[in-house]
Structures are given as C-alpha cells and as structure tokens.
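Hi there,

Here is the structure I promised to pass on to you.

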Amino acid sequence: MADQPGPPAHATVTVDALEGPVVRVELPDGTTQDWARLDLPRDVQEGDVLHVRVEDGERHVRIDRAETRRRTQRAQAELTELNAGSPDGELDL
C-alpha cells in the first residue's frame, strides 16, 4: 500500500474488491492497487467509480454514483443479451 505509487493528480478508478480493511482499485492503466478502506468514503462498494484528486499531497475521493449506475446498467444489459442466446435463458459456464 504505502510503497505503491499513487494515482495521477486527477484520476478515475474503479473499486474491484473490498477485502476487510483493504480496497482493491483498478487504475486508469488497468493495473490494481490496494488502498486502505479508511481513506475512502464510508459507503464505498464494489463496482463504484471513484474520482480521485490529489492536492498538497492529500488524496480527495468521491463516488461518482451516476457513472457507477451507468456502468452497472451497461454490464447488466450485456449479460442479458448474452443470456438471450441461450435456450433456457441462462448461460452455462
């Protein structure tokens, strides 16, 4: 965590997973980092889109709920489309 470089001064990251006190985020370049959950908004959840701004060495993070909702809806639509091609409406993996 502390030895990893931070995101750019302004970035949009996505919450990949919540693991106890650690939140794994996906950075704009596709790599992931583990961040302390205490440094993020209290109600952060998997799939949330976060806007990150670093000023004077301090990280400011806010959840973009509209973008999170758009991405969730798009993913659900893609899954529904995939399932529509299955005879019983569900893909077998």
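This is a predicted model: local features need pLDDT of at least 70, side-chain atom pairs count only at pLDDT 80 or more; totals for chains, interfaces and linings use all residues.

Of the 93 residues, 27% are buried. The chain exposes about 6,600 Å², with carbon and sulfur atoms supplying 48% of that area. Now take the contacts between residues at least 6 apart in sequence: 35% of them join residues at least 24 apart.

Next, the sheet. In what order do the strands sit in it? The order is β3-β2-β1-β4-β5, in an open sheet with antiparallel pairing. The edge strands are β3 (32–36) and β5, each of which pairs on one side only. From one strand to the next, the twist averages 40 degrees.

You can check the pairings one by one on your screen. Strand β1 covers residues 10–19 and strand β4 covers residues 49–55; these two run antiparallel and are joined by 5 bridges. To see where they line up, find A11, which stands opposite V52 in β4. β1 also pairs with strand β2 (residues 22–26), again in the antiparallel sense, over 5 bridges. Here, a handy pair to click on is E19 and its bridge partner V22 in β2.

Then there is β4 with strand β5 (residues 58–63): 6 bridges join them, and they run antiparallel. V54 faces R59 of β5 across this pairing, standing opposite it. While you're looking at strands, here's a general point: in a regular strand, side chains alternate between the two faces of the sheet.

β4 and β5 form a hairpin with 2 residues between them. Is D56 buried or exposed? Its relative accessibility is 85%, so D56 counts as exposed, the cut-off being over 50%. Now look for A9: A9 and D56 are 47 residues apart along the chain, and their C-alpha atoms are separated by 9.9 Å.

Helix α1 takes in residues 65–84 and lies across β1, β4 and β5. Relative to β4, helix α1 runs at about 145 degrees.

Cheers

Terms used. Residues are numbered from 1 along each chain as its sequence is written. Side-chain values use heavy atoms; hydrogens and water are left out. Two strands pair if DSSP finds at least two bridges between them. Helices (H or I, at least four residues) and strands (E, at least two) are DSSP runs, numbered from the N terminus. Axes are lines fitted to C-alpha atoms, for helices over the stretch in contact, and angles run from 0 to 180 degrees between N-to-C directions. Contact means heavy atoms within 4.5 Å. Buried means under 20% relative accessible area, exposed over 50%, partly exposed in between (1.4 Å probe, protein chains only). Accessible areas come from the Shrake-Rupley method with a 1.4 Å probe; for residues, only the protein chains shown count as cover.
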